[in-house]
Amino acid sequence: HPRPGGSFLPYTMPSISSDRAALCAGCGGKISDRYYLLAVDKQWHMRCLKCCECKLNLESELTCFSKDGSIYCKEDYYRRELRLASIKEP
Ligand SMILES: [Zn+2]
Ligand SMILES: [Zn+2]
């Protein structure tokens, strides 16, 4: 069974230099910073990994959450789950 939570840890990675620079999944720009974050199989500028609801920067969070390709902070993730659970009620 897949676990219900979409929790993941963002990894800080030293970026690859020059021509093989990754593209940021947040802003689409080239990552030329010294470090970038790796989360949900995508690369992000440190400043671009944000909760899609409240725009909290998740760079310093120990966990963040993903659902359907969107990134959430813990609070918004659980708020969303609660909302969906209540919608599912008959
Ligand atoms: Zn970016
Ligand atoms: Zn949030």
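**Exercise 1.** Determine which arrangement the four donor atoms around the zinc ion (ligand 1) adopt.

*Solution.* In this predicted model, the four donor atoms around the zinc ion (ligand 1) subtend angles of 102 to 113°. Four donors count as tetrahedral if all angles lie between 85 and 135 degrees, so the arrangement is tetrahedral. The atoms concerned are SG of Cys24, SG of Cys27, ND1 of His45 and SG of Cys48, which coordinate the ion at 2.0 to 2.3 Å, and along the chain these donors follow the spacing C-x2-C-x17-H-x2-C.

**Exercise 2.** Classify cysteine 24 and cysteine 27 as buried, partly exposed or exposed.

*Solution.* The cut-off for buried is under 20% relative accessible area, and that for exposed is over 50%. Cysteine 24 has a relative accessible area of 4% and is therefore buried, whereas cysteine 27, at 48% relative accessibility, counts as partly exposed.

**Exercise 3.** Identify the protein donors of the zinc ion (ligand 2), and work out their arrangement.

*Solution.* The protein donors are Cys51 (SG), Cys54 (SG), Cys73 (SG) and Asp76 (OD), and they lie 1.8 to 2.3 Å from the ion. Because the four donor atoms subtend angles of 101 to 116°, the arrangement around the zinc ion (ligand 2) is tetrahedral. Their spacing along the chain reads C-x2-C-x18-C-x2-D. Distant parts of the chain are linked by the pair of cysteine 54, in the loop between strand 4 and strand 5, and cysteine 73, in the loop between strand 6 and helix 1, the two being 19 residues apart. Of this pair, cysteine 54 is partly exposed at 43% relative accessibility, while cysteine 73 is buried at 6%.

**Exercise 4.** Describe the largest nonpolar core and the contacts of leucine 49.

*Solution.* The largest nonpolar core has 10 residues, including Phe8, Leu37, Trp44, Leu49, Cys51 and Cys73. Apart from this core lies another, of five residues, among them Cys24, Ile31, Tyr36 and Cys48. Leaving aside neighbours within four places in sequence, leucine 49 is in contact with residues that include Pro10, Leu37, Ala39, Trp44, Leu58, Cys64 and Ile71.

**Exercise 5.** Count the aromatic pairs and classify the pair of tyrosine 77 and tyrosine 78.

*Solution.* With ring centres within 6.5 Å as the cut-off, the count comes to four aromatic pairs. The rings of tyrosine 77 and tyrosine 78 have their centres 5.7 Å apart and their planes at 80°, so the pair is edge-to-face. Tyrosine 77 is buried at 2% relative accessibility, whereas tyrosine 78 is partly exposed at 45%. Both tyrosines belong to one aromatic cluster, formed by Phe65, Tyr72, Tyr77 and Tyr78.

How values were computed:
Residues numbered from 1 in each chain as written. Chains lettered and ligands numbered in written order. Predicted model: local features only at pLDDT ≥ 70, side-chain atom pairs only at ≥ 80, totals over all residues. Heavy atoms only, no water. Donors = N, O, S within 2.8 Å, 3.2 Å for Na, K, Ca; no water. Tetrahedral: all angles 85-135°; square planar, octahedral: opposite > 155°, others 65-115°. Buried < 20%, exposed > 50% of the residue type's maximum accessible area, 1.4 Å probe, protein only. Phe/Tyr/Trp six-rings, centres within 6.5 Å; stacked < 30°, edge-to-face > 60°. Core = buried A, V, L, I, M, F, W, Y, C linked by side-chain atoms within 4.5 Å. Contact = heavy atoms within 4.5 Å. Helix = DSSP H or I, 4+ residues; strand = E, 2+ residues; numbered from the N terminus.
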